Amino acid sequence: SSNDDDDEEEDDSDDSDDDNSQWDEEDLIPYNLNDNEDDLRVTPTPRYLRECISYLRTSEDDKTAMERHEAALTSIPSIVQSNPIDLSDVAPMLAMEVLHK
């Protein structure tokens with residue numbers, strides 16, 4: 001029983017020895033603490049141009065209209081830059097919706 005206590009004391013001393021640590025500060029990668037809070041949005045960020053058109057067509061009477069319009073308008077540039085396969089088909093309809101808002 002007394003030998004067990006001695007072993008525990010030795011283990012504790014090993015844990016407090018910082019010189020033998022296997023991690024250096026340079027090895028640690030900081031977490032990215034920037035959060036765009038997309039997970040808190042009522043309206044998910046659209047990923048397709050047709051979704052953007054649908055969001056832009058949301059009636060002004062809808063309580064989420066402003067958020068849906070904003071989500072569509074902020075997503076359009078990155079979606080267009082990705083050059084989706086349906087861009088040439090959807091572009092005229094999208095332009096009409098954007099210009100009418």
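The structure holds 2 salt bridges, a salt bridge being a side-chain nitrogen of Lys or Arg within 4 Å of a carboxyl oxygen of Asp or Glu. The model is predicted, so local features need pLDDT of at least 70 and side-chain atom pairs count only at pLDDT 80 or more, while totals for chains, interfaces and linings use all residues. Residues are numbered from 1 along each chain as its sequence is written, and side-chain values use heavy atoms, leaving out hydrogens and water.

Aspartate 86 lies in the loop between H3 and H4 and arginine 50 in helix H2, so the pair ties together parts that are 36 residues apart in sequence; helices here are DSSP runs (H or I, at least four residues), numbered from the N terminus. Arginine 57 pairs with glutamate 97, their closest N and O atoms being 3.0 Å apart. This pair links the loop between H2 and H3, which holds arginine 57, to glutamate 97 in helix H4, 40 residues away. Glutamate 97 is buried at 16% relative accessibility, whereas arginine 57 is partly exposed at 47% (buried, under 20% relative accessible area; exposed, over 50%; partly exposed, in between; 1.4 Å probe, protein chains only).

Helix H4 itself bends by about 25° at methionine 93, the bend being the angle between axes fitted to the seven residues ending there and the seven starting there. Leu87, Val90, Leu94 and Glu97 are buried in H4. The buried residues of H4 pack against helix H2 (49-56) and helix H3 (65-81), contact meaning heavy atoms within 4.5 Å.

Key. Helix = DSSP H or I, 4+ residues; strand = E, 2+ residues; numbered from the N terminus.
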